[in-house]
Amino acid sequence: MIEDVELIKLKKELIEEMGVYFECQDMLSPLSSRIFGYLALAGDEGATFDEILEELQVSKSSLSTNLQLLQSMGRIGYYTKPGDRRRYFKASVDNMINRLDDKINSWKKERELHVKVLNYREKTLSADDKLTMKNRKDLSFNKHYIEFVDAMIENLCKLKNNLITVNQVQ
């Protein structure tokens with residue numbers, strides 16, 4: 001069993017790694033990125049303002065400002081429990097679905113470009129009537145790449161549908 005100290009260290013490293021990723025990928029501030037990383041690790045239970053404050057060791061005003069920003073962006077939401085005045089912040093499922101939609105659309109655009117390149121290359125090669133072995137390999141690469149992109153799109157769609165289904169069950 002992993003000792004608590006090791007688990008705490010692993011958690012802090014993961015929050016930092018996720019923070020750097022979201023900072024670069026999504027153009028979030030360093031603190032917003034780390035808050036989002038922390039909440040992603042917290043899962044469906046989420047975390048209270050005080051728990052986030054204790055974990056990230058930041059000022060109350062900075063935390064409050066960044067929580068409001070993440071909420072306005074739709075990245076996080078909160079819920080309350082009966083008899084408990086605290087808010088529990090958690091990563092938004094809608095945000096994850098939107099991120100998957102963005103990735104799907106990006107792959108679809110890339111696919112369109114590769115199909116156009118393949119069509120162009122096929123026309124230029126047949127016009128020259130020079131289907132050498134090298135040209136066949138080049139065309140084969142384009143066709144395989146399109147197949148790869150199709151598989152990526154299909155798998156991302158399955159993941160999105162699975163996320164939607166799991167969310168509806170809860």
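The model is predicted, so local features need pLDDT of at least 70 and side-chain atom pairs count only at pLDDT 80 or more, whereas totals for chains, interfaces and linings use all residues. Residues are numbered from 1 along each chain as its sequence is written, and side-chain values use heavy atoms, with hydrogens and water left out.

Select the three strands of the open sheet, whose order is β1-β3-β2 with antiparallel pairing. β1 (47-48) and β2 (76-81) are edge strands with a single partner each, so one side of each has no neighbour in the sheet. Strands are DSSP runs of E, at least two residues, and helices runs of H or I, at least four, numbered from the N terminus; pairing requires at least two DSSP bridges between two strands.

Next, display β3 (residues 84-91), which is joined to β2 by six bridges. Y88 in β3 is the bridge partner of Y79.

Contact means heavy atoms within 4.5 Å. Angles run from 0 to 180 degrees between N-to-C directions, and axes are lines fitted to C-alpha atoms, for helices over the stretch in contact.

Turn to α2 (residues 30-42), which lies across β1, β2 and β3 at about 100° to β3.

Finally, select α3 (residues 49-56), which packs against α2 at about 115°, the axes being 11 Å apart.
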